[in-house]
Amino acid sequence: MEPIRVCIAEREESQRMELVGQLSGQESITVVGSTGNGMEALRMVMEQKPDVFITNIILPVCDGFAILDRLEGMAKKPKIIVTSTLTMETTIQKVFAKGA
């Protein structure tokens, strides 16, 4: 069975490296890219075509909502996991409405 291909977008380098380390230690997962910049994240997902994309909502240059909007039209859109410290119900509803 092929490993699950994962891309990560997290602005906080320590959290990003922690996620990369935790996931890379799993036999069934391959981290194919990670970044702290929203525009780089979008480019990374388009090029790497991961199975799963883990992103924070708050990112420099291009936020998580803009990334989700742009991924909407992908032929093979990855499963999306959103991380955030934002807890407003409207934010959570917006994330779910965008397919995360």
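Predicted model: local features only at pLDDT ≥ 70, side-chain atom pairs only at ≥ 80, totals over all residues.
View 1. Cys 7 stands opposite Phe 53 in S3.

**View 2. S3 also pairs with strand S4.** Here 5 bridges link S3 to S4 (residues 79–83), again in parallel. Asn 56 stands opposite Thr 83 in S4. Between S3 and S4 the chain passes through H3, and this β-α-β crossover is right-handed.

**View 3. Strand S3 is mostly covered.** Which way do they point? Val 52, Ile 54 and Asn 56 point one way, while Phe 53 and Thr 55 point the other way.

**View 4. Helix H3 has buried residues.** H3 covers residues 64–71. Gly 64, Phe 65, Ile 67, Leu 68 and Leu 71 are buried. Seen down the axis of H3, these buried residues fall within an arc of 160°, so they line one face of the helix. An α-helix has 3.6 residues a turn, so residues three or four places apart point the same way.

**View 5. Asp 63 caps the N-terminal end of H3.** A side-chain oxygen of Asp 63 lies 3.0 Å from the backbone nitrogen of Phe 65. Phe 65 is also one of the buried residues of H3.

View 6. The chain has 4 helices and 4 strands. Along the sequence they follow the pattern β-α-β-α-β-α-β-α. Of the 100 residues, 38% are buried.

Terms used. Residues numbered from 1 in each chain as written. Heavy atoms only, no water. Buried < 20%, exposed > 50% of the residue type's maximum accessible area, 1.4 Å probe, protein only. Helix = DSSP H or I, 4+ residues; strand = E, 2+ residues; numbered from the N terminus. Arc of directions from axis to C-beta. Polar contact = N/O pair within 3.5 Å; in protein donor to acceptor, adjacent residues only side chain to side chain. Pairing = 2+ DSSP bridges. Right-handed = clockwise from strand over helix to strand, strands pointing away.
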